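Here are my notes on this one, point by point. Have the structure open while you read.

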Number of protein chains: 2
Amino acid sequence: MNEFRILEIKQSVFENNDREAEKLRGELKARGVFLLNLMSSPGAGKTTTLRGTVKRLKNEFAIGVMEADIDSDVDAKAIQETGVKVIQLHTGGMCHLDAGMTRQGLEGLGLEDIDVAILENVGNLVCPAEFDTGASKNAMILSVPEGDDKPLKYPLMFTICDAVLVNKTDVLPYFDFDMNAVRERIRKLNPDAKVIPICARTGEGLDEWTQWLREEITAWRNR
Amino acid sequence: MNEFRILEIKQSVFENNDREAEKLRGELKARGVFLLNLMSSPGAGKTTTLRGTVKRLKNEFAIGVMEADIDSDVDAKAIQETGVKVIQLHTGGMCHLDAGMTRQGLEGLGLEDIDVAILENVGNLVCPAEFDTGASKNAMILSVPEGDDKPLKYPLMFTICDAVLVNKTDVLPYFDFDMNAVRERIRKLNPDAKVIPICARTGEGLDEWTQWLREEITAWRNR
């Protein structure tokens, strides 16, 4: 029994995505709505991280989640259990969301009772990095099993993110993953990025992450 | 010191990729060249798997590898150490290769002394599934840490692959991953797909995988 709405997202008609993204960001700012764009590879832990994030912030902010899941409703169901507003965006196999598609999602979600909207973007380290969604902040998750070379191989994604969560730290003993090397590789691409090791499954690091997010939301809404 | 060639791949000019792919496949068939298209998420283990594959087959076939790596030469270096011919394809941040781009890569590699060409596609479960490269066979790697729900979320990729390698079985004890559920989910999408659990790091399962590949190569070249 699904109680969340499913929205079929159409291709955007706008030629200039950057302009549309700036316009959307300005409108959200004027309404006091913070939009987080969360990106990662498939299986890096976006949904589990979101569950932990929503649980920690839902008593302070009215949160709405947009799941741009490709062909299942597993993630939307998992988020729905936290009790916040959820909408599922059916993207018809598209590899990213742009600002026009994000706007359709926000309209479907309904912003009248929302302080913070979170977009769980399509699992992909390439295409979503190329399309500004209009988000207030971009965050990504790199999971330990993916390897510490990912900033070298997908530099654009690491360059455009304000925060990089390094997830699944519980399995660090079983992988050849150098956290210091990752930090240094991210720093070279993007010196201002906040890098936070987390384990979404156990909750490790989620307090630090949600404190960062809380400050960014508050600054955005009060500016 | 890099001794492999780096080729800048241009956008394809062909409108009908499926037709170009069929044409390329026919030309390769006529020359007796088998082309494997290997796909996965970022960090699933394509390069390590390829190293193990090449080591097991290089005394039987003349192998050439095309690394469609996005912004580093880490993978090409790792393959080069096996002693086979390697070329690096610079895709300028593109999210997939189509048949026209694969043709450029094959021309850069040079097919005169090659029996088996292997394309390590861009790390992405979405876009590469939508573009036929002209390969004789498609294979993908799903790694245990990505989760057993991936066939539900990226069904097209699982549908178009002839073989699915389930990698990193050494960390099965640390993840909630149901191998039987994965097999069943793949079977529903693609009953003919060969599913092989492997651990590229330790070599587990690579003999079974290379035996499958050996038979496919031989059948292709003798048909």
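1. Confidence first, since this is a predicted model. Chain A comes out with an average pLDDT of 92, and 96% of its residues score at least 70. For the complex, the predictor reports a pTM of 0.84 and an ipTM of 0.73.

2. Now the sheet in chain A. It is an open one with eight strands, paired in parallel and ordered E1-E4-E3-E5-E2-E6-E7-E8. Strands E1 (5–8) and E8 (194–197) sit at the edges; each has a single partner strand, so one side of each has no neighbour in the sheet. On average, and ignoring direction, neighbouring strands here are turned by 20 degrees against each other.

3. Have a look at E3(A), residues 63–67. On one flank, four bridges tie E3(A) to strand E4 of chain A (residues 85–90), and the two run parallel. Two pairs to click on there: A:Val65 stands opposite A:Val86 in E4(A), and A:Glu67 stands opposite A:Gln88 in E4(A). E3(A) also has five bridges to strand E5 of chain A (residues 116–120), again running parallel. In that pairing A:Ile63 faces A:Val116 of E5(A).

4. Is E3(A) buried on one face or on both? Both faces are covered: A:Ile63, A:Val65 and A:Glu67 are buried on one side, and A:Gly64 and A:Met66 are buried on the other.

5. Next, helix H4 of chain A (residues 99–109). Eight of its 11 residues are buried, so the rest of the structure largely encloses this helix. The buried ones are A:Ala99, A:Gly100, A:Met101, A:Thr102, A:Arg103, A:Gly105, A:Leu106 and A:Leu109. What do they pack against? Within chain A, the partners are E1, E3, E4, E5 and helix H1 (17–31).

6. The largest nonpolar core has 129 residues, and the members that touch the most others are A:Ala117, A:Leu119, B:Ala117 and B:Leu119. Leaving out residues up to four places away in sequence, A:Leu119 touches, among others, A:Leu35, A:Leu36, A:Leu38, A:Met66, A:Ala68 and A:Leu97. Its contacts also include A:Thr102 and A:Gly105, both of which are buried residues of H4(A).

7. Over in chain B, helices H1 (residues 17–31) and H4 (residues 99–109) pack at about 35 degrees, with axes 8 Å apart. H1(B) brings B:Asn17, B:Glu20, B:Ala21 and B:Leu24 to the contact, while H4(B) brings B:Ala99, B:Gly100, B:Thr102 and B:Arg103. Sorted by class, that gives three nonpolar, three polar and two charged residues.

8. Last, the interface: 30 residues of chain A meet 30 residues of chain B. On the chain B side, helices H5 (150–153) and H6 (155–160) each supply at least two residues. The largest share, three residues, comes from H5(B). By class, this side of chain B has 15 nonpolar, eight polar and seven charged residues.

Terms used
Residues are numbered from 1 along each chain as its sequence is written. Chains are lettered from A and ligands numbered from 1 in the order in which they are written. This is a predicted model: local features need pLDDT of at least 70, side-chain atom pairs count only at pLDDT 80 or more; totals for chains, interfaces and linings use all residues. Axes are lines fitted to C-alpha atoms, for helices over the stretch in contact, and angles run from 0 to 180 degrees between N-to-C directions. Two residues are in contact if their C-beta atoms, placed from the backbone, lie within 7 Å. Ala, Val, Leu, Ile, Met, Phe, Trp, Tyr, Cys and Pro count as nonpolar, Asp, Glu, Lys and Arg as charged, and the others, Gly among them, as polar. pLDDT is the predictor's confidence in each residue, from 0 to 100. A nonpolar core is a set of buried Ala, Val, Leu, Ile, Met, Phe, Trp, Tyr and Cys residues joined through C-beta atoms within 7 Å. A residue is buried if 20 or more other C-beta atoms lie within 10 Å of its own, exposed if 12 or fewer, and partly exposed in between; C-beta atoms are placed from the backbone. Two strands pair if DSSP finds at least two bridges between them.
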